[in-house]
Every structure is written in structure tokens, then in C-alpha cells.
Amino acid sequence: MSIKNIQQDIIEEFSMFDDWEERYQYMIDLGKSLPLIDEKFKTEDHLIKGCQSRVWVNAELKDDKVLFTADSDAIITKGIIAILIRVFSNQNPKDIIEADTEFIDEIGLKEHLSPTRANGLVSMIKQLKMYAIAYQTQLS
Amino acid sequence: MALDIQDIRKDFPILSRKVNDKPLVYFDNAATSQTPQQVIDCIVDYYSSYNANIHRGVHKLSQEATDKYEQARHTIQKHFNAKHAFEIIMTSGTTHGINLVANGFSAFLKSGDEIIVSALEHHSNIVPWQMLCERTGAILKVIPMNNEGELVIEQFENLLTDKTKLVFVNHISNALGTINPIEHIIQKAHEVGAAVLVDGAQACPHIQVDVQALDVDFYVASAHKMCGPTGVGMLYGKETWLNKLPPYQGGGEMIAEVTFEKTTYADLPHKFEAGTPNICGGIAFGAAVDYLNQIGLENIEAYEHELLVYATEKLLEIEGLKIYGTSKHKTSVISFNLEGIHPYDVGTILDKMGIAVRTGHHCAQPIMDYFKIPGTVRASFAFYNTKDEIDLLVSGVKKAKMMLS
């Protein structure tokens, strides 16, 4: 599925929730179900320092697609990571580079991607794109 | 005297606003306090009626602004019971005051001299001393803390030697709320001839401070934690010390005479007040001090203690909740965590419910390292908070626990 289509799916899923509690409960559950990053990648090299919550990201190239795994020590941050991974993982580097994250506004989670939030998510998206750029160069 | 809190709350327009469609519950007072209408009016009045540069104009506005600014200095002097108004240096805040003293001390220190700081310090209180030590070759020693979040005073006494030149400690810990025994620290430091600088940022909004009774050499504070505006604060220094200390910044206001051969510095306090100061902020600082005194710091202290006891009791009823900083001597700050739950998550859920707390390491990473935690949720109360609001916090924390576990 294309990044745009996945984003559309997520927007539809979130539109079913009536209030913030349901939205957050869903994110928390997502956070709990996120396939954890392999423990061997939970190192300083893979750490994005977010000041408040810590985020680890790993990327691999398989069949010309980038596979991301990630984790965080804060569960809400992890829930948002789960959404971002669903959007960006298993996609072509080029598509990842070109994708935007405006859907986050539409599902009412914009505040979590604010640079002042210090939860590591803004840096994480940058990191995902950096990986994609690196793999893109490798492929071309 | 019992305070009429509902009446006091009317002074703070921000307290009636909503956050995320819920009435705001503001429990981040240790980060910054809210501003009463009296102080807001003072700021508006300054810019609407007599905005002018001070200390040099011959015109009426400048005279009025200068008078009000100096009047504010007197208000602050009286409030802290400094001997002279010129011992009150207007700064941009606590951090500025600390840097001013740290920088000045580089003239007095030589390699091998010792500076003592406490384990309970805010980052802004650690970095300037590390920089000073790098510059001078002086050695930084640390007073350790115990499980209650209190300084281990016996060990402090062991750290003191004839090489100790300066002791730096906060009056009250921002992360835990512990009130440090600064009278004792000052007395012991003076016995070996060391000067003492106390960071009063967290103390001044809650308790009455008398710099002469303390016999403290330097004391710093910020207006924005005392119902005043941001970007202004004060450094109190004993006259003898301030005369010895070299100026921090060069510029206008701080000079007596300038030729290309030599500049002579202005008298206190202007020697340390280079450039155009935060005039409006300084005047509003005075208004904030007046406001606090009108309510009375003794009343504030008693009421906030009541809030602390109530909140501690209610929060501890929640299973798995742990409070960090359990000294008997503390102000209305509760730093806590829910077992197995990240403080950031708790803060995020509370924010959705309109409750403002601080989460993280509170710029006091060494304290968090001591407890081996990434941070805490910190609720800090002011005299305009209520027990009803604490009930909202408690049910918010319960909800967060339910959602997150």
C-alpha cells in the first residue's frame, strides 16, 4: 500500500473516536503492540535524545524497501512511533523521502510533533528520512 | 490569618481560562508563577504613561521612570532586609546573578582553591562553577544527598578546608522542594573564611528571607517565580563583597569616567548594571513584591503547607505512586512517579485534562541519576491553588494510571 493510502486509513480509523480519551487509549494500545526493536539495537548509536522520552530507531534495506523498527521508554511516544512506522516502513526510499506528515494534524496529534515537545519524534522523522536518503544513494 | 483564596484567585486573570476545554489547573508554579492583575496593570501603566530611559534624562518622563525604578529597588531591599538599597543589583534573573558572582570570583581564585556546591542543584547552578573551575584551576566539591533528598550536612563539614573559597547552595531544591539548612551552612562556611552564595529562586515565593539575619554573602532570586515578569531578578551582595568584585559587563550606566586611557567604574549598584536595564520589569518586580507582602508570606507559607500535606496524603493513597523528596522540611513541591510508567506519559494525560505539571529531569539530572529514574512528574503549588484542584490532580493521576498500565 502506498504511504498516502496508509495515511488515509489511519485518518479514517481516528475519525471513529469521539474524544481524546479514546484517541489516546488507542495510541497507548498501539504503543503496547509495537514490535520491539531488537535489544541489540537499543544502543547509544540508535538513540535519538529527546530530552523527555528516549527513542531508538533501526533501519534495514530489504528487497529495495526500508524496514524500520523502533522503541521508546514512554508509551504515548511509542504509540506515535507505531503510527509512523506503519506509514514509513516497508516503503521505497524515494517515497519515504517525498512523504509528508500532515496526516498527524488531521488525527489530532499535532502537538506531539512540535519541536518544543522534546519527545524525540521530530528528530525521529528526520532520522527516518536520513536513512531513506542513505539507502536511496546506495540504490542509485 | 486565613486567606480568602477565592478572592485571591480573582487577581489572576489566567486562572479562569480553559485548557483543552477544561478549567486550567496550574501546578507548574516552581517553573514560573502566574501574574496578578496588579502587576499586569503596573506593566501597562509603565508603557502607557512614563516609558523612558532612566538615570540620565533631564526630562520629566525619565525622572518619573528613574524614581519608580529606584523605588522598586527600595521595595526589594526592604523585603529582603538588605542593609542598603545599593546592595540590591537588578539582574535579568537568578542565572544572571550566579554568573555575575562566578565571573567575579575568577579574580580571587587560584589553582587548588576549592568551591563547594550541593548535589541538589539546578543545571544553571552547576555549569557556571564548572566553567569557573576550568578557568582558574579551582576544584569543585559536591555536598552529597540522602534518600530523603536532603543534603548530608556532616559530609559538608568534612569538605570544608582552609582552601574553600566559596560555597554555593540553593535555599530550596527546585526538583524536590527540600529546604536546605542554609543558616548552618553559612555559619560553617564563614568559620573557614569562605563566602556563601545562595540561590533563592525557589524560596522567595514561599518564605520570608532576611539576608542580614542569614548573614549570607550573596543571595539571588527571579521575579517571575514571585508573581512578577520574566527577564528580571536581583542579586543581593554584602557591600564589602560587591566593592571587591570586578564588574561583569562593560557598557553604559556602569562607568563614572571614560577616557581611552582608563575608565573608572560607577558606584554600587550601577557598577554591575551595564546598559539599559529591564526598566519596566524592575518596576513590576517591585509591584510583585508589594503584592506578595499584601497577602503576607507567613500566610502564604502556612496555606501552602496545608496544600502540601493534603496533596501528599491524597497522592500516596494511589497504589504504586512514589514521591521523591520526602524531607520534613520542604515547600509545596511534589515530585513523583507511577510505578512502571514514564513521567512524560503521565504529564501528557494530565495536560489533556487541563492540568499543568512539569515532567522530566527539571534541569537537575544529578538528582535523577541518584534515584536512577529518567525524571519525575512535578506538581508545585502556589497560594492561589486550592484543595479542589488537588482533587482534580489526584483523579487525573488515577485516570493516567488506568490508561497507561
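Predicted model: local features only at pLDDT ≥ 70, side-chain atom pairs only at ≥ 80, totals over all residues.
Where the two chains meet, 13 residues of chain A are in contact with twelve residues of chain B. On the side of chain A that touches chain B, helix 2 (20–33) and helix 3 (75–88) of chain A each supply at least two residues, and the largest share, four residues, comes from helix 2 of chain A.

Chain B itself is divided into two parts, with domain 1 covering 5–30 + 297–404 and domain 2 covering 40–294. The C-alpha centres of these two domains of chain B lie 28 Å apart, and across the boundary 24 residues of domain 1 are in contact with 24 residues of domain 2. From domain 1 of chain B, helix 11 (297–316), strand 14 (333–338) and helix 13 (365–371) each supply at least two residues of the side that touches domain 2, with the largest share, five residues, coming from helix 11 of chain B. The residues on that side of domain 1 of chain B divide into eleven nonpolar, eight polar and five charged.

A helix pair in chain B comes next. Two packed helices are described by the angle between their axes and the distance between the axes. For helix 3 (residues 60–80) and helix 10 (residues 279–295) of chain B, the axes come within 8 Å and cross at roughly 40°, which makes helix 3 of chain B oblique to helix 10 of chain B. The crossing of these two helices of chain B is left-handed. Among the residues that meet here are Ala65(B), Tyr69(B), Ala72(B) and Ile76(B) from helix 3 of chain B, and Ile279(B), Gly282(B), Gly286(B) and Val289(B) from helix 10 of chain B. Taken over both helices of chain B, the residues of this contact divide into eight nonpolar, six polar and two charged.

Strand 14 of chain B, already mentioned at the domain boundary, also belongs to an open sheet of four strands in the order 13-14-17-16 (chain B), in which the pairing is antiparallel. Strand 13 (321–324) and strand 16 (358–360) of chain B stand at the edges, each with a single partner strand, and therefore one side of each is left without a neighbour in the sheet. With direction ignored, neighbouring strands of this sheet are turned by 30° against each other on average. Strand 13 of chain B pairs with strand 14 of chain B in the antiparallel sense over four bridges, and Ile323(B) stands opposite Phe336(B) in strand 14 of chain B. Helix 12 (residues 343–352) of chain B packs on the sheet, where helix 12 touches strand 14, strand 16 and strand 17 (376–380) of chain B, and the direction of helix 12 makes about 160° with that of strand 16 of chain B.

Two backbone details, one in each chain, remain. In chain B, the peptide bond from Leu268(B) to Pro269(B) is cis, with omega near 0°, and Pro269(B) lies in the loop between strand 12 (263–265) and helix 10 of chain B. In chain A, Asp64(A) has a positive phi of about 65° although Asp64(A) is not a glycine, and this residue lies in the loop between strand 2 (54–62) and strand 3 (65–72) of chain A.

Methods: Residues numbered from 1 in each chain as written. Chains lettered and ligands numbered in written order. Contact = placed C-beta atoms within 7 Å. Axes fitted to C-alpha atoms, helices over the stretch in contact; angles between N-to-C directions. Parallel < 35°, antiparallel > 145°, perpendicular 65-115°, else oblique. Left-handed = near helix turned anticlockwise from the far one by under 90°. Nonpolar A, V, L, I, M, F, W, Y, C, P; charged D, E, K, R; others polar. Domains from an automatic or database assignment. Pairing = 2+ DSSP bridges.
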